[in-house]
Amino acid sequence: MDAVRVYAPGSVSNLGPGFDCLGAAVAGKGDVVTARRVGAPGVRVASVSDPRIPLAADRNTAAVAAAAVLRGLPAVGVELAIEKGLPLAGGLGGSAASAVAGALAVSALFGLEAPREALLAAALEAEALVAGRHADNIAPCLWGGLVLVLGLDPPLIVPRPVHPGLRLVLLTPSYSVETARARAVLPAQVSRADAIAQAAGLAGVLAGLEQGDLDLVRASMSDRIAEPARLALYPGYVEARAAGWDAGAGVAVSGAGPTVMAIVRAGDEGAVASAMQQAYARAGFETTLHAAAIDPLGARVVPA
Ligand code: HSE
């Protein structure tokens, strides 16, 4: 095989109280990385569809993750072509998707059959470089579906079910938020009351998603750690969250934002999306609406 093409889905993370430990893969939006064997040893980036993303192999998440998979094979050479389907600094796991796609593409190209845990460790090196050392986008991107990240060293990933009667609505307002900037404002410590509320909320969200109990999801979906510290980075969000809530949804920022995720009953997608879009419009922001079923498969090799 001379070339391998991999699709890696975008993802939502945190889902309210699951800060840095809960994420879900999202269907219909993702990055594609094609890896080609070349004679000269090492990993190079031949092209990236978004000119804002560096070609330098030590600053590109697909290349950093690919190099981590190939560590120990210094003689092999590979070139990567990266097609970004996910927005930069959008809160949809774009850096993680490119990293996962780069890692899986070189593993498949050289017949390494690296287990998902090894690919996660490689992608985590890349994610740590640009966004911080957390796997709540990488893990759903690799496993598909909803996953809980119980540990990183070693990786311990727990897939969790989502009731088929629930849907996601994703809205990206017309501004970007760099993850590094959003992480710089996080509190170093949280109070006992906030830690207890966060733990209870996470358990409630997981139970509600499994049972299809949207009232339980809504009662559980607030984040006591990241969102309060980041609110100033998300103009229009407080109003959009209130509008989504009034329309019957559970609402949270997706990852470091600014994409906002709403969990809704099947059939309510249009009404919730429209209420939240109008709230952003009143605050002066256009929004992009994403079709958002959960991707059950995760990153995969696709035809070249
Ligand atoms: N859990 C992370 C955060 C996701 O909220 O910072 C962003 O990569």
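Modeller: The C-alpha centres of domain 1 and domain 2 lie 24 Å apart. The contact draws 27 residues from domain 1 and 36 residues from domain 2. Please bear in mind that the model is predicted.

Biologist: Which stretches of the chain are assigned to domain 1 and domain 2?

Modeller: The domain assignment gives residues 3–160 to domain 1 and residues 166–292 to domain 2.

Biologist: How much area do domain 1 and domain 2 bury between them?

Modeller: The size of an interface is often expressed as the accessible area that is lost when the parts come together. Here, domain 1 and domain 2 bury about 2,100 Å² between them, and 66% of that area is on carbon and sulfur atoms.

Biologist: How many salt bridges and polar contacts cross the interface of domain 1 and domain 2?

Modeller: Two salt bridges are found across the interface of domain 1 and domain 2. Between the two domains, ten residue pairs are in polar contact, with both residues at pLDDT 80 or more.

Biologist: Which strands supply the side of domain 1 that touches domain 2?

Modeller: At least two residues each come from β1 (3–14), β2 (18–38) and β5 (146–152). The largest share of that side, eight residues, belongs to β2.

Biologist: What is the make-up by class of the side of domain 1 that touches domain 2?

Modeller: That side of domain 1 has 15 nonpolar, nine polar and three charged residues.

Biologist: Which side chain does arginine 160 meet in a salt bridge?

Modeller: Arginine 160 pairs with the side chain of glutamate 210, at 2.9 Å from N to O.

Technical notes: Residues numbered from 1 in each chain as written. Predicted model: local features only at pLDDT ≥ 70, side-chain atom pairs only at ≥ 80, totals over all residues. Heavy atoms only, no water. Domains from an automatic or database assignment. Contact = heavy atoms within 4.5 Å. Buried area = accessible area lost by both parts, 1.4 Å probe. Salt bridge = Lys/Arg side-chain N within 4 Å of Asp/Glu carboxyl O. Polar contact = N/O pair within 3.5 Å; in protein donor to acceptor, adjacent residues only side chain to side chain. Helix = DSSP H or I, 4+ residues; strand = E, 2+ residues; numbered from the N terminus. Nonpolar A, V, L, I, M, F, W, Y, C, P; charged D, E, K, R; others polar.
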